[in-house]
Amino acid sequence: MSTEPGRRPHPRTFDELIAEADAVSVDGWDFSWLDGRATEERPPWGYARSMAERMGRATAALDIQTGGGEVLASVPKLPPLTVATEAWPPNVARATALLHPLGVAVVSDHNEPPLPFADEAFDLVVSRHPVKVWWTEIARVLRPGGRYISQEVGPASVFELVEYFLGPLPPDSYTARDPELARAAAQAVGLDVVDLRTASLRTEFHDIGAVVYFLRKVIWMVPGFTVDGYRDRLAALHRRIETEGPFVATTTRFLIEAVKPS
């Protein structure tokens, strides 16, 4: 998703916009299709840069839930042993094509324990936007002195859009993915949390095609989303964007870094 404000003109009808967004591929974790159609502020800590710095010092690294491998492929200097896991078959194929030429082994994994690796196999484990974090497994595969760094989706992220389609969510939905719960879970398996930062970020959707693409790609936001199933709500939101301007939501993120005691 673009980080720059502004919108390129899209003088097209509702039907044209949603047909285009419903047909485009949503494989991988590249949001460049949204450039000029949606904007999202980036967290101030720069996850990709921080992760790359740690990769440059590691000897054996694991990237969990790599998506299409786009972030890992951006690392200038990969460790001698670098492995990535991914569950969704289209992303496994995409990550394999992108990462194998870089010397990265891509392993198809179902995002459930156990991780298919030996104890203390890695001195660095990373993950960007994991669906679920299995802290016991992270602690198991880290070597003493090893490090875990992850950027996660925070609580109530983009809930303005989610509730537009689903209606008010139960109160406990707002406490899920609390960064303090992540800290407690890491500490419970013996890891020392050395950094925990949060950010609330402005997100704008400039046309209804951007909304459709986003909900097709980030499938857990509105489970079971289809254009046909939500056509009336999409049409109403299209009219709102056309008359009032971009639909604004708040994205939340947190960065957590933890070390396994030597």
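Predicted model: local features only at pLDDT ≥ 70, side-chain atom pairs only at ≥ 80, totals over all residues.
Colleague: How are helix 1 and helix 9 oriented to each other, and what is the handedness of their crossing?

Modeller: The axes of helix 1 (residues 14-23) and helix 9 (residues 231-244) come within 11 Å and cross at roughly 120°. Angles of 65 to 115 degrees count as roughly perpendicular and those over 145 as roughly antiparallel. The two helices are therefore oblique to each other, and their crossing is right-handed.

Colleague: Into which classes do the residues of the contact of helix 1 with helix 9 divide?

Modeller: Helix 1 contributes Phe14, Asp15, Leu17 and Ile18, while helix 9 contributes Arg231, Leu234, Ala235 and His238. By class, these residues are five nonpolar, one polar and two charged.

Colleague: How many charged residues does the contact of helix 8 with helix 9 have?

Modeller: The axes of helix 8 (residues 208-217) and helix 9 come within 9 Å and cross at roughly 135°. The contact is made by Ile208, Val211 and Val212 of helix 8 with Leu234, Leu237, His238 and Ile241 of helix 9. Six of these residues are nonpolar and one is polar; the number of charged residues is none.

Colleague: Which strands stand at the edges of the sheet?

Modeller: Eight strands form an open sheet of mixed pairing, in the order 1-7-8-6-5-2-3-4. Each edge strand has a single partner, so one side of each is left without a neighbour in the sheet. The edge strands are strand 1 (38-40) and strand 4 (105-108).

Colleague: Which residue of strand 8 stands opposite arginine 147?

Modeller: Strand 6 (residues 142-153) and strand 8 (residues 247-259) run antiparallel and are joined by seven bridges. Opposite arginine 147 stands valine 259.

Terms used:
Residues numbered from 1 in each chain as written. Heavy atoms only, no water. Axes fitted to C-alpha atoms, helices over the stretch in contact; angles between N-to-C directions. Helix = DSSP H or I, 4+ residues; strand = E, 2+ residues; numbered from the N terminus. Parallel < 35°, antiparallel > 145°, perpendicular 65-115°, else oblique. Left-handed = near helix turned anticlockwise from the far one by under 90°. Contact = heavy atoms within 4.5 Å. Nonpolar A, V, L, I, M, F, W, Y, C, P; charged D, E, K, R; others polar. Pairing = 2+ DSSP bridges.
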